[in-house]
Amino acid sequence: MSVSVDPTSVESTGGQSPEALRPHAEDAFAGELAALAAQDDRPRPARWKLSPWAVATYLLGGALPDGTVISPKYVGPRRIVEVAISTLATDRALLLLGVPGTAKTWVSEHLAAAVSGDSTLLVQGTAGTPEEAIRYGWNYAQLLAHGPSRDALVPSPVMRAMADGMTVRVEELTRVPADVQDTLITILSEKTLPVPELGQEVQAVRGFNLIATANDRDRGVNELSSALRRRFNTVVLPLPDSVEAEVDIVARRVGQIGRSLDLPTAPDGIDEIRRVVTVFRELRDGVTSDGRTKVKSPSGTLSTAEAISVVTGGLALSAHFGDGVLRPGDVAAGVLGAVVRDPDADRVVWQEYLEAVVRERAGWTDFYRACREVSE
């Protein structure tokens, strides 16, 4: 016997208020998704809102025949995106793996939005994630009053996705306790979720799939069992392969975040973005961009996401306490905070880099002075 899941049993999060601080992807880019759907005449897998080609166009950007411009959501190798989308069109789940700041969560959200039109079916992995977050829970008032029943069952996002043929996301899978992780094995291999208390099960309908993300720096925290890993097709998201590519990513995201916060566009801000990105890349790689000078790396990851945060903070400083022009003094404190996570070891690394590299670099005098000022 199968148990049905009523999608109305959980209040929908769609139709967000325009005042939402961080709209879901399907709301923020509703116009682009609608334009793609209207002109998408290619075959679509069961219950997909768009064809695989249109999903790739949504993520990577492009121009439609009617002139509509689709903004890129991910800047990186096209083949990686194509492999990820093709995986979702099969019966294998997708694992997005990478170091912090490689846009794993961002890509998973936009994939779910483009494929299912809903990115909100989400399990956030933490050390305290219970089994009920992946399988199902119970309304204990109903349970105590009437015993196990369909009315007492509270479906998880995974159960809802299985019943409705949707895409569900599991963020930070390797942070989930190992015994809870393994509840996914039956779901991903048999495409069924038993409910032994009712003598029933939920069978996944066509269109169901799962996207998980994992940070490869967390290896050994709760490493996936070999049985579970076999159920995934793993796609590794790389760091941007060049300074210019990373500058482009940071500039785009800062622009989007700035507009949502009503921050003014910073004239000539690209110079400071390039400085922040260059500093982060050199410290993360352990060598200057020209390959001539080796530098020590700090304990932090200095990811693209952190660069976006630093520049956004600098943009707010320049808008509210400056002249609206993004300058070295606006980003210096953010750079210091990102680099110096361990006050003892990282401060030494930062001071050596500042004196040996930044001080000697042509055109960086203002940046050096601003960093020295906040470092003292």
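Does glutamate 282 count as buried or exposed, and at what relative accessibility? After that, show me some other places for context.

Analyst: Glutamate 282 counts as buried, because its relative accessibility is 2%. Buried means under 20% relative accessible area, exposed means over 50%, and partly exposed lies in between, using a 1.4 Å probe and protein chains only.

First, the ground rules. This is a predicted model, in which local features need pLDDT of at least 70 and side-chain atom pairs count only at pLDDT 80 or more, while totals for chains, interfaces and linings use all residues. Residues are numbered from 1 along each chain as its sequence is written, and side-chain values use heavy atoms, with hydrogens and water left out.

Back to glutamate 282. It lies in helix 12, residues 270-285. Helices here are DSSP runs (H or I, at least four residues), strands are E runs of at least two, and both are numbered from the N terminus. A polar atom of the glutamate 282 side chain lies 2.8 Å from the backbone nitrogen of serine 289. Glutamate 282 also has a set of touching residues, leaving out those up to four places away in sequence. They are Val287, Thr288, Ser289, Val295, Tyr353, Val357 and Arg361. Contact means heavy atoms within 4.5 Å.

Next comes another glutamate. Glutamate 306 lies in helix 13, residues 304-321. It counts as buried because its relative accessibility is 15%. Its side chain makes a polar contact of 2.5 Å with the side chain of arginine 341. Another polar contact, of 2.8 Å, joins it to the side chain of threonine 301. A polar contact is a pair of N or O atoms within 3.5 Å; within protein, one must be able to donate a hydrogen and the other to accept it, and residues adjacent in sequence count only if both atoms are side-chain atoms. Beyond four places in sequence, glutamate 306 touches Phe280, Thr301 and Arg341.

Now a valine. Valine 158 lies in helix 7, residues 157-164. It is buried, because its relative accessible area is 0%. Setting aside neighbours within four places in sequence, valine 158 is in contact with Val123, Ile134, Val168, Ile187 and Phe208.

Arginine 78 sits in helix 4. At 40% relative accessibility it counts as partly exposed. Outside four places in sequence, arginine 78 is in contact with Ala56 and Leu60.

The axes of helix 3 (residues 52-60) and helix 4 (residues 78-88) come within 10 Å and cross at roughly 135°. Axes are lines fitted to C-alpha atoms, for helices over the stretch in contact, and angles run from 0 to 180 degrees between N-to-C directions. The two helices are therefore oblique to each other. Pro52, Val55, Ala56, Leu59 and Leu60 of helix 3 meet Arg78, Val81 and Ile85 of helix 4.

Finally, helix 3 itself. It is mostly covered, with 7 of its 9 residues buried. Those buried are Ala54, Val55, Ala56, Thr57, Tyr58, Leu59 and Leu60. Their cover includes helix 1 (25-28), helix 2 (30-39), strand 1 (62-63), strand 2 (69-70), helix 4 and helix 5 (104-116). Just after helix 3, glycine 61 takes a positive phi of about 90°.

How values were computed. Angles under 35 degrees count as roughly parallel, over 145 as roughly antiparallel, 65 to 115 as roughly perpendicular and the rest as oblique.
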